[in-house]
Every structure is written in C-alpha cells, then in structure tokens.
There are 4 protein chains.
Amino acid sequence: MAISRRSFLQHAAIGTSTLLAARAQAQRGPIAPPDQQSADAKLPEVVSRKLGVAIVGLGKLALEEVLPAFGECKYAQPVALVSGHPDKAKRVAAAYKIPAEAIYDYAGYEKLANNAKVDAVYIILPNSMHAEYTVRALKVGKHVLCEKPMATSVAEAEQMISAASANKRTLMIAYRLQYEPTHLRAIEICRKQELGALKIIRATNCQDTKAPNIRLSKALGGGPLQDVGVYCINGARYLTGEMPIEVTAIEHRSSEPRFAEVPESVAFTMRFPSGVISHASCSLGSAESRHLEVLAREGAFEIENAFTYRGLKMRVRRAGKPNGRPNEIVEPKIEERNHFADELDAFAQAILSNKPIRTPGADGLADLRVIAAIEQAARTGRAVKLG
Amino acid sequence: MAISRRSFLQHAAIGTSTLLAARAQAQRGPIAPPDQQSADAKLPEVVSRKLGVAIVGLGKLALEEVLPAFGECKYAQPVALVSGHPDKAKRVAAAYKIPAEAIYDYAGYEKLANNAKVDAVYIILPNSMHAEYTVRALKVGKHVLCEKPMATSVAEAEQMISAASANKRTLMIAYRLQYEPTHLRAIEICRKQELGALKIIRATNCQDTKAPNIRLSKALGGGPLQDVGVYCINGARYLTGEMPIEVTAIEHRSSEPRFAEVPESVAFTMRFPSGVISHASCSLGSAESRHLEVLAREGAFEIENAFTYRGLKMRVRRAGKPNGRPNEIVEPKIEERNHFADELDAFAQAILSNKPIRTPGADGLADLRVIAAIEQAARTGRAVKLG
Amino acid sequence: MAISRRSFLQHAAIGTSTLLAARAQAQRGPIAPPDQQSADAKLPEVVSRKLGVAIVGLGKLALEEVLPAFGECKYAQPVALVSGHPDKAKRVAAAYKIPAEAIYDYAGYEKLANNAKVDAVYIILPNSMHAEYTVRALKVGKHVLCEKPMATSVAEAEQMISAASANKRTLMIAYRLQYEPTHLRAIEICRKQELGALKIIRATNCQDTKAPNIRLSKALGGGPLQDVGVYCINGARYLTGEMPIEVTAIEHRSSEPRFAEVPESVAFTMRFPSGVISHASCSLGSAESRHLEVLAREGAFEIENAFTYRGLKMRVRRAGKPNGRPNEIVEPKIEERNHFADELDAFAQAILSNKPIRTPGADGLADLRVIAAIEQAARTGRAVKLG
Amino acid sequence: MAISRRSFLQHAAIGTSTLLAARAQAQRGPIAPPDQQSADAKLPEVVSRKLGVAIVGLGKLALEEVLPAFGECKYAQPVALVSGHPDKAKRVAAAYKIPAEAIYDYAGYEKLANNAKVDAVYIILPNSMHAEYTVRALKVGKHVLCEKPMATSVAEAEQMISAASANKRTLMIAYRLQYEPTHLRAIEICRKQELGALKIIRATNCQDTKAPNIRLSKALGGGPLQDVGVYCINGARYLTGEMPIEVTAIEHRSSEPRFAEVPESVAFTMRFPSGVISHASCSLGSAESRHLEVLAREGAFEIENAFTYRGLKMRVRRAGKPNGRPNEIVEPKIEERNHFADELDAFAQAILSNKPIRTPGADGLADLRVIAAIEQAARTGRAVKLG
C-alpha cells in the first residue's frame, strides 16, 4: 500500500503535513492526522462587526423564519426583542441568547434608543402598525427594515419616507425576493432582454387563510392585495423596471364569515409604458398557488413556487419552431438560499458600508399607489390611470 | 426443452392450437405457428358505414392535422375536397385515395348536393367565411362541422344556427378539447368538485405568428381573441359550466407592421355567477405559452401545453398543510389521443346514431358574445356586463 | 372593415386569389373562399409505389401497434395476413381493406410466393418461430422484417442470415428504437462525444407479465432477457457502437408458478472495449420501469420511458460546478413519432431504393451472443468473456 | 373603518391585547402594537443542555456543511476543534465562538479528556485515520460520531466497535441519509410493503473528482466504493433490512493519472436473501449522477439527487394498467431539512437520553464486509458469497 512519488506530488496541495503523514504511514505505521480536503474548502468569514437588529413583533414569521435565518447571516445578528408578551419574549430571548434586559414592550419602545447594540429594527407587525413603529424607531435614530406592504396608505408611506430622510436613517422594505437568486436571475433575463422584448407577465399568489388571522382584518391592514397580491405587483415592477400606467380589476366578495372585511380574491391587469401587460390574481380563499410566468418575443420563463420561502424553480423556454414553440426547456440550477438571511445581510451591508439599498421606501410607496388604483378599479368597474 | 403439463395449462388461454403446437414441437420438432398473444389483443372494430366528409379548405390545419387524423378515425372518412387550387387538390386527393371527381371548387360548392357519399362538410376556411359556407352546405342538406370561432359576429352565428334548424341538419363547432381526455378529466374534476368549490381559473394561449397570416387580417376574421383567446373563453365556460356575467380587458396595440389590423395581445378577466374569476391572456406576438390552471378551495390543477394538439400534461395538487399547500402532487397518466380523430368520430357517431352533440352552434355563439364584450371592455376601459 | 393595400401585400403569399377575394369582400360583399394558410402547409407526399407487406401472426403487437401504424406510413402498406385463426383474420382484413384472398394460414405460407403484391413479410410470431418463418419467406423470395430477438439461439440466427444472403433478400431486425428520434439523438450525443467520453450506461426494462403469456414460456422463446432485456443490450451497443467484451450476471428464480420456466429477473453488467461499463436489469415480475441513463465525463442524459412505444423524454445535464454537478438541465423538445411507422418506412425505403439497412441480421445475432454469455455468467457465477 | 364585534371575536385567538388595540384604534386613534400571528407560531425550544461536540478535522465537509449545520441543531453545539493548522483553526473558532483554548492539535488530541464541555467528537478525517482517532477518543471517555466508511478494513472496524463497548461509549457512523425525511419515507414504503414485495433496487452515485483529492488516494482510504459507492450499499441494506448474500462486480481501471491508485468506476450487483437484486454503479470520473430507484411488485419509486445534501425529490408510481404501468405518478411533498443538523441532533438525543442509536458501528462494519466482497469479485471475476 506504498504511496508513490507521483501520488505524493498530486496530493501536495492538501498540505505537506498530510502527505508526509500519509507517506510516513505507508512506510512505517500510524500517521499524524491531516485536515481533510482543506485545499478547496471555504473558510468561514470572520466579520469585525455585525449589525445589531431588534425584532419588533414575535409572530409566526418572526419566530419561524426571521430569527432562525440569523443563523445563516454573516453581517446581522438579533440583539433585542420588542413584544407585548413577556413570557414568550423571555423564551425566545433564551433560545437566541439575547439578554433579558434587551427585551422591550411596546410602551417602552423608545428605550431602544439607549441600547447601543441596537443599530436597527425589523418591523414584523400587522400592516396597520408599520407606519407608527417605523417612524418612532427612525426618530430615536435606528435604521428600519419594514415588512411589506410598508403601510396601509400612500399618506402613511410618505410620512415614513420623510421621517427616514429627516433623521438620516435607512428605511428598507423587506421585499425578500429582490435578494433571492432565482428572481435576481429573472430580473437579469428581463433587463438584458435575453429572450427578446417582454410581452406578458402572468402571476398568481393565492393561499387559504384560516380565521382568525390578521390578514383577514381590514383594521389591521389585511386583504389579499396587501398580503399576497403585493408580490405580483412588485414582481411585475422589478421585472419590467417600470411603473404601471393603467389598471383594471375584478374582485370577488365572498359570503364566508372570514371574508367579512376583505375581498376573498382580486384579479387585476396592469399596463406598462413599454406595452407589457401583466395580469395576476391573489386570494386568501383558495388552495395555494404561487406561479410566475414571463412571456417575451423570443422565449418565456416561469418560476414554480415563485413567491414561497423555498423550492423556487425556474424553467426557461427559448422560442424556435413555428409559432414560438420551444426547441428545448432549460432548468437552470440556481443555488437555493435562505431568503431572509440574504435580505438581512443586504440590509446590514448597506448600512455598515454606507451604501444605497435596493428596496427603499420609495419601492414600497410605488406598490401602495398601485394597490390604491386596483382597489378603485375594482370598486368602479373602470380602468384607472396612474400618473 | 420439454414443455411441462403445468406450463401447458398455463398457456391454455393463448389458444389450443398454439399450445398444441408448442407441445408438439417440444416432442418432435418444428411446430405449426400460433398467433402471438391473441388472448388479450383488441380486434379492430369493423364499422358498417362511415360518415363521408368533404373537407372545405386545404390550408395547413386541413393538410397537417385533419386529413392525417382520419387514419385514426373509426366512424368518419374523407370523401371529397373543396379547394380553389386544382393542382393542390389533385395531389391531396391522390394521397388520400379520394376520386378526382370528388374535387370541387368554391363556385361549384353546391354540387356537393349530388354526391351521395358526402354526408357532411368540415369547414376549415378563414373565420370570415365560416358563416357563408356553413349556411350554403346546410341548405343543400349536408351536416356541418365548423372550425372555431364559428363566425365573425353574433349575427352571423345566429344565422348559422337558424339554418341548421331550418334544414334539420347538425351543426357542430370544432371545439376539439371538449373531446380530449385531459380536458374531459378536468371537466369532471370541476363538475364533481373533487377539489372543492372552484375559485380562480388562469389561462394563457399565446404564439408568435409571422406575417402574412390570415390570423393577422381583420377582414378574414383574425385576431388574438378570435384565434387563440377563444380557447381560454371556451375553457372557462366548460370548466365552470357557466356563462360569464362581467368582463374587463386591456389590449396591447403594437407598432409592428404585422399588427396593423388586430391587437397584438389581449388580457381579460371574466366573472362567473358562482363567483369564479377567470383571468387570461392571448397574443399573436409572444413566444408560445399555453397553460391552464384551476384553483379550487381544496386543491388545484394545471395543464401544461393545455391548448396544443399534443403533449398535454395534467398535474393535480390536493391542499393540505398550512395555507392550502399541497401534501403531494399527482400526475395522472391520461392516454394521449389524436384530438382531431376523436372529434371527428364524435361528430360522426352523433349523426350516424342521431344523438345530440356536445358542442352545437349555441356553444360557438356564446363565445362570440363573450368576445364582443371583451372587445367593448378593451375599447371603453369599462367593465362590460353580459346578460 | 376595408382591407388596406399594405395588408394586401402582406398577405400576398397566401395566394392571390385569397387576397383578391378578401379585398373584394371588403369592397362589395360575399367573397370567393380561399384555402387557409396554404403558404406554409406541407402537402402530402404522393408515392409511386408502396412496399406490400404480409403480416405474419395476429397477436397483440400486430393488432394494436403494427397494423394501425400503417396509417402513418408513407412507403409501406399491409397487403396480406398470415394467421391460424380464419375468423380473426377475416375481421382484421376487413378493417384494413385487405382482400379475403390475401389471407393465408401457416400450412399455406409458401403460397405468398404467388401473391405479387407481397414484397415482404413482417414476422410477429413467438420468438421460437422466428427462424423457421423467416427462412421459409426468404426461400420464396420475400424480404423479411423480423421481431426481436431474432431467434432463440446463435445457430438459428446464423441460418437466417445465410438464407437472406443465399436468396439475395433483405433481412431486417425490428429494433424500432434505432429509428426513433429520441434514441437517434442519444446516439448522436454519444458518437460525437457531445458530453465527453462515455463512462457508464444504466438501463432497466421491467414489467409485470401476467400468466399465461408466451413471454413466460421457455419453449416459445420467452424470458426477461429475451423479451425486455434485449433492449438494454441493444441500447448499450448502439450507444457505444461497440460489442461488449465481458459480462457478469445475477438472476432471480422465483417460486411463483408463472416463473416455472424462465427467471423472474436478471441483472447484468457489460464491459466495453473503450472502458464503458453498462449495468442493467430486466424483469417480468415487477412494476413497470423503463429508464436509460448515460453518464459521460462532461455531462449525462437520461431517457424517461426509454423503451416504451410513446412518451419518451430526454433530459440532458451538462457538467459544471464541483464534482460534475450540472449548471442546468435541458429538456430538448423532440418530435414524438409513431415508432412502428418510421421503422416500416425505413424498411420499405431501403428495399425500394436498394440501399443498406441499419439493423440487419448481424445486429440481432450480436445480441443473441450477448444473451448467451449473460445466461452463462448467471449460471456459473463467473464473468464471461466475449470474443 | 370600525372593527365589528364579530370580527373582534374572530380575532380573539390572536391575543386579547392585539384586538383590544385594533378596536381601540378603530374607535379613537393610534394603537398599542400586538404580536403578529402569535396564535399558531411555534416557539423555539429551549433545551436545558446541548451535547458538546469537538470537530476533528477541518476539511471541506466540516467547514461547509457540518459547522454551519449546528446553527439548525437543537441538541448539539460545537465546543472544540482539532486541527493540524493552527491559523485555520483560530479563524474557524472565531467564526463559531469557540474559545481559543478549545483548539487542539493531533498530538494533543488526548487533552480533550480534560475539557468537560466536550461530550463527543465528530471524526471528519481521511478514511484511513477513522479507526485511530475513534479509538483514541473512546479511550479518553468521549462518544464518537465517525464519518463513513467507518474504516479501511473489517479488522479496523471490529477494533472500533470493541473500543466503544469496552469504554461504554456510543459509537455512531454518520449515515446521514438514515436521518433524512425522504429516505425515511423510502424505508417506510419498503418495510410496510406499501408497493408490494421489493424486487429490484437500482442506484448510482457518481461524481467527477479532480486531483489532488484524498478520495483518489489508496493510502488515505479513498476509492469510488469507499467514497460514494458506500451510499448504494448502505441504501440497499436499509431499504431491504437485509444483508446481501452474494455479489458480482466489474471495475474500470483508467489510464488517467488521477486514477493511478483507485479504480475509476465500479459496477456491482448484490443478491439479498428475500430475492431482491440490487445493481449499482459508483465512479469518481464521470459527471455527477445520484439516482435511486426501487421496483416492487405493485409499484416503484425513485429519488432524484438521492445522495446529495439537498434537493432530494421522490416520485412514486403505483402499478396499474397492463404490465404494471402506472396510473399516476405521485410526488409527495417532503420537508427539506438540513441532513447534518438532524443527524447531529439524533446523535445528541441518543446520548443525552441514553437511548440506542440507529446507525451503530455494526452498520458501518456490515458495509465494509460488502465492500471487501465487491473488491474480491471485481478482482477474481467470480461471484462472492457473504456469510
């Protein structure tokens, strides 16, 4: 079982000690242990400072997605919690090694100002509370990452943007898909016109939401457009890089008790300046469907599970043959990553390195303008123009 | 290599002669040959009389799909051709063993009356000529299978239906997907509410049509709604079993020369009495996309290549887990069949056995009413109600 | 609704009469009908003479696949039947418009010599009868297409090849996949080394065969290697373009009565001169599985439903990333065609134009040599070399 | 925007404070913030004590998979590192907040005995060092999780098992797939015979390993069987629940310099007592392929990406129709989890709660016996029986 000279040289990159050891073993017995495959392994990045984030609101999204995601973050860490449930907060803090003194309640929210470890807050509250808690955080000098939709009205959103500007702090809206590899590739295909001019964007984001749920409460800012439809709106905007100029809509009001306050479903169509038409549906009352398809002149692509947290899969068809039928379907292998970790890292890096962010308040405001137009179109039965 | 008594009995069903032969061979040499596997093979059906069909118009659809499909028909056969191109007609007649005297031109169309072998005509002309040639055939006593859309206006369609009634002849519209196994299964899922109440129907039928093409000519009855959108309309109607009560639409008028007469794309939304919303797009200017998805309360299904001649594939998701997310995705194995052969056989069987047809003129008329409403909605920017 | 001059010119290719008609209609009323889309439609090919084929054996394959396939053949037609069941033969003849006098029984097989319309026979009998009926047909001057495996022994196969040569007639083995577009593309990928040097070929061809069935009879030439395994052998041979030089095998003998004469399953491995290893399994006792995968240095491809009559689907992975992981998966859109029609047309064209055939008797003989070696390896537990 | 009494009650489960707040807002202005969706969110589990693990060897697997996986572990945490590269170790320690004093080198390995925080070691060294470092850890009272293959010979494996027994410590082999949901479901299908009796198992685990790499060094315990083939062996064993009784094999020795010490590929077939045949291939010289298919009497299933760290997908076919052809294909939605985290947690839970482990040393030993038999079969060209 002698190891040859050639083999020795081949392994040289593993580390001299490894191969000397192996050679020694081959010659006379037990070897000193090497580190396996060290040559091409990526060493973990040691970051000098991570952005300290206070989590505001300990609902399902915070507990099941955001807090676990910090384990995969390089540049951000949870350092404080804001919650109205002290027992729950204590338990969560224990699990994430957040000190008990870094637990705040809503009344004492401004005390975050005194915690130097808190650079920023992540607002994961009902939509109706986004504006207030964003502005209060900005006023005490914290950066803000706010869940979408950023507010319940255009006016609120404008106040939030003003507050960020006035306080010289960053306000980012948590459009996680703008940080996700499959959607980033989709944006690239569209912007570079890799499949030719864009023609039609089709989207659906539907789920079956059991009552009680804040998504079903108008007072708390819920509704299918607000909760799931916003993905279709934002998606069509970042794929085209444009703001729609006209919308039509039909909504379905259900007699089910859970839909007393909000429509069950809304289907809407947006016209963009370049001529692209995007039609979409959103619902809180059907089985899940989250599909996005983009048709262009020379091809098309679709994303399966387009708006979910994981399992997104792109399939690209390049037009050929008669009628634009594809010659082949290509399924690019795109790395699956934790959306929340990448989003948090993008937020942290922008702040730590003082760079602009991809999804500022203006992005959230644009969607609210579209939502308002869609609601008006559904109410009046008339196409609504957007300035 | 002796064949045992047990093996002999096992094979008994193959036919005594086969096994006796095999046994004989085992005993003394060369065997008399049996017919392989005759036990479970399906014998071809010998039909006493097939419906004789005259093909009216020898365009691409007639030549590449319809005429070859007769090879798989049990109950129908091509017996005459109507064409304005004598040379082409002769060549086609030769290939399908249709006698030269059964070739007609359009001026001599009524001479079909004298050909007793012609029971019916199949109108595969530009849409603008459907009405005239349907009525003329009915008047000389022939049954009619007419391509969709059945006409270019509601008024024409009403005339065609009247003519069929007055002449006591069958008028069927060639909605081939209502005879196709995947769509038949889709209809069954919807009608039996196997996935619960229907909620949303999404469809797209788009292709890239090169000029010159009759689909791009308004005078010839072309346009994206007429040519491809009609599948989305008819589909939503047979899946719900309802007529829409309201539509909205946005169309895209292109500056490309090929779209001088018809819109490039139309996106439209239909509201049905049961509350179902169907949104769809059709285009003659994008890469091909032909997708249908039906969302219901307890599940969803989609059909890939939904409106093509072959390659349809259904995938069913039954809701489970939170938000109606599926526990599994089921791909039923549905037999792939020749759509045109099955449609022609259904037409023939209905006539030969004097039974009602599934897609009468009224079905085509309903779609024309919806098309007219969509065009009005696109023109006016207002939702249009359908009585 | 006037048709413009520009539109007129755009449509010029449709045929002047069409557009003149359309223009006329636009100007003054009813139009003379054109032929739709004639510009780019493929006219059917009118063939001066088709090869006349006698079908020998009216089992399931003949009735359900081969005879219907003639409807899609351009160069071959069924002109006679050979069967031991007169009633069945009459019915089949009626369905395919074969005259009653062209029905033969096995005793009168040589009378085919007197039927000038019969150029060739297609042997679809139990494997044990292939040799006899092939030789008898060749002796009376008919060309032969013989189902695979071509015989039950190497000796028989050699006699068949000699008889073809002595009688100067064509003997083709019905390896339909060598005429099928997906496998033809697979061969091209392998021969051109589009994915680099071939490394490993994996195949399985299994089904659950209910008794009684000739496949389960040793006397009739059945068995898993003979019936389904031969596809894996032939496949590895046409993909590599080589003959294997060594085989190992393990077979499973079942206690189920249906497997009294033949093994239930055989797994075997073949080594090829270029270093390619192919491992495969075949069974008559498991649920269906028909999968082929080819691993090469720079990529891999697989074919789903690889050995079935329809539904074949290729997926290609091109190596990238660490460890040869693919960057994307490509699903080429390959036309689905009737395997039997293409095979019959290839047979007919070769004879009618006096050209060499792709799958001569030698191809079938090579597989029988491999089968014999696999059986020996399974019996002895030793690797068997092939000269 | 008044919130109704009914809506109030619907939301009661969200937490009284939330709804009171919402109601208050509706009545008079700004609201006190609630915690979103707290009702059904899963609180993180706070564990009293986590198992402390020392990572032995800082190669690619340790750095890129194992250490990051601890972030998703509930019951295990990294508390020490053993490495021959002090700089690398320091950097890794910093990234995972492991104190500098908990870094050990190989000479000082036994000092782990004095670190009370270290309950166990995870051996991620070249295969040739597994035995030595396992035994040394056991002797100083640490539990051991050892990568597969557990050793380079049956004798070594027996020594390791003896040492665990003598020192009353747990020895677990890191067969991560036995803790992975898709494979657990596969085991369940097989053991409960949900698809009937098992018949054939097909597997492949191939990759393209660039030199230099310890997988290509015989002295370090590499080779295709050892590195990737072991998954196919272990898999067939846990799916059947049996030990194979006979194997055949063919290996390919390449002239490429990287394969100077180990075969490039090995294809092998295993016969199991129940009659199941498993055939498999493994390679270090082809594009990646990692596919597993199990054929049973009443159905079959396959796992795509079967042996990778992520992206596993099961498809189940239940037999119907003739020949065991499926009526439908079912793609169960199985949660994707971090294999390494679940494996580490299983290891930790077994030790912390003093319960038996699923993959003890005996499991690793069994695979080494099979590997030895396969190597003998490949060398001799003869089937090798296993006692």
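**Notebook: helix packing, backbone exceptions and the B–D contact**

Entry 1. I looked up helix H3 (residues 60–69) and helix H9 (residues 339–352) of chain A, and found them packed at an angle of about 65°, with their axes 7 Å apart. The model I am working from is predicted. I recorded the crossing of H3(A) and H9(A) as right-handed. I then listed the residues in contact: H3(A) contributes A:Leu61, A:Glu65, A:Val66 and A:Ala69, and H9(A) contributes A:Phe340, A:Ala341 and A:Leu344. Sorted by class, the contact of H3(A) with H9(A) comprises six nonpolar residues, no polar residues and one charged residue.

Entry 2. I turned to the pair H3 and H9 in chain D. Helix H3 (residues 60–69) and helix H9 (residues 339–352) of chain D pack at an angle of about 65°, and their axes are 7 Å apart. The crossing of H3(D) and H9(D) is right-handed. From H3(D) I noted D:Leu61, D:Glu65, D:Val66 and D:Ala69, which meet D:Phe340, D:Ala341 and D:Leu344 of H9(D). The class count for H3(D) with H9(D) is six nonpolar, no polar and one charged.

Entry 3. I next examined a helix pair in chain C. Helix H8 (residues 224–240) and helix H10 (residues 361–380) of chain C pack at an angle of about 115°, with 10 Å between their axes. H8(C) passes H10(C) in a right-handed crossing. On the H8(C) side I found C:Leu225, C:Gln226, C:Val230, C:Ile233, C:Asn234 and C:Arg237 in the contact. On the H10(C) side the contact holds C:Asp363, C:Ala366, C:Asp367, C:Val370, C:Ile371, C:Ile374 and C:Glu375. By class, I recorded seven nonpolar, two polar and four charged residues for the contact of H8(C) with H10(C).

Entry 4. I checked the backbone for exceptions, given that most residues other than glycine have a negative phi and most peptide bonds are trans. The peptide bond from C:Ala211 to C:Pro212 is cis, with omega near -5°. I placed C:Pro212 in the loop between strand S7 (198–208) and H8 of chain C; H8(C) is one of the helices in the pair with H10(C). In chain D, the peptide bond from D:Lys148 to D:Pro149 is cis, with omega near -5°. D:Pro149 belongs to the loop between strand S5 (143–146) and helix H6 (154–166) of chain D. A:Lys168 sits in the loop that runs between helix H6 (154–166) and strand S6 (171–173) of chain A.

Entry 5. I then asked what rotation superposes chain B on chain D. A rotation of 180° with 0.0 Å of shift along its axis does so, at an RMSD of 0.0 Å. I wrote this down as the relation of a two-fold axis. Of the residues of chain B, B:Val330 comes closest to the rotation axis, with its C-alpha at 2.2 Å.

Entry 6. I followed with the contact between chain B and chain D. Chain B gives 10 residues to the contact and chain D gives 10 residues. I found that 100% of the interface residues of chain B are also interface residues in chain D, so the copies meet through the same surface. The area buried between chain B and chain D is about 860 Å², and carbon and sulfur atoms give 47% of that area. Which three residues supply more than any other three of the area that chain B buries against chain D? They are B:Ile329, B:Glu331 and B:Lys333, which supply 55% of that area.

Terms used:
Residues numbered from 1 in each chain as written. Chains lettered and ligands numbered in written order. Predicted model: local features only at pLDDT ≥ 70, side-chain atom pairs only at ≥ 80, totals over all residues. Heavy atoms only, no water. Least-squares fit on C-alpha atoms with pLDDT ≥ 70 in both. Contact = heavy atoms within 4.5 Å. Axes fitted to C-alpha atoms, helices over the stretch in contact; angles between N-to-C directions. Helix = DSSP H or I, 4+ residues; strand = E, 2+ residues; numbered from the N terminus. Left-handed = near helix turned anticlockwise from the far one by under 90°. Nonpolar A, V, L, I, M, F, W, Y, C, P; charged D, E, K, R; others polar. Buried area = accessible area lost by both parts, 1.4 Å probe.
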